[in-house]
Amino acid sequence: MLPVGSFNLIHFASGNKADFYIGRHGPIERWVLDNRRRVPVGDTAIWLVPPEYIIAKKLEFYRDGKSPKHLRDIRAILMAKVPLDQTALDRLIDDQDLWREWREASTA
């Protein structure tokens with residue numbers, strides 16, 4: 001089994017931060033790979049995980065640690081009007097029993 005963990009890359013000049021998570025090989029991770037999104041960046045492109053997964057992970061982190069930062073991040077995603085697959089998001093929330101956290105995050 002692969003180790004599970006995370007690390008960040010920070011661009012100090014802009015303050016932008018990218019979170020990287022090393023995960024397991026399971027059905028959720030398979031869904032993430034199957035639904036990743038290719039985003040152009042300059043002359044190249046990068047693959048990003050679906051925003052539904054980011055939201056679900058941040059809900060999980062909020063449940064476990066109660067840091068309001070995760071709710072702010074989720075609200076920023078929602079305010080940015082990022083297209084979401086609500087069915088997939090509902091399934092991820094349901095799989096982790098994160099409905100209470102979702103209600104808190106999705107109400108301003």
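Which residue in β4 does V41 stand opposite? Select V41 and look across to T44, which stands opposite V41 in β4. Keep in mind that the model on screen is predicted, with local features needing pLDDT of at least 70, side-chain atom pairs counting only at pLDDT 80 or more, and totals for chains, interfaces and linings using all residues. Residues are numbered from 1 along each chain as its sequence is written, and side-chain values use heavy atoms, with hydrogens and water left out.

Now select residues 37–41, strand β3, together with residues 44–48, strand β4, which pair in the antiparallel sense over 5 bridges (strands pair if DSSP finds at least two bridges between them; strands are DSSP runs of E with at least two residues, helices runs of H or I with at least four, numbered from the N terminus). The two strands form a hairpin with 2 residues between them, and G42 in the turn has a positive phi of about 65°.

Next, go to K58 in helix α2, residues 51–65. K58 counts as buried because its relative accessibility is 8% (buried means under 20% relative accessible area, exposed over 50%, partly exposed in between, with a 1.4 Å probe and protein chains only). Leaving aside residues up to four places away in sequence, K58 touches D19, K69, H70, D73 and I74 (contact means heavy atoms within 4.5 Å).

Finally, select helix α3, residues 68–79, and helix α5, residues 99–106, whose axes come within 9 Å and cross at roughly 65° (axes are lines fitted to C-alpha atoms, for helices over the stretch in contact, and angles run from 0 to 180 degrees between N-to-C directions). On the α3 side the contact is made by L71, I74, R75 and L78, and on the α5 side by E101, W102, E104, A105 and S106.
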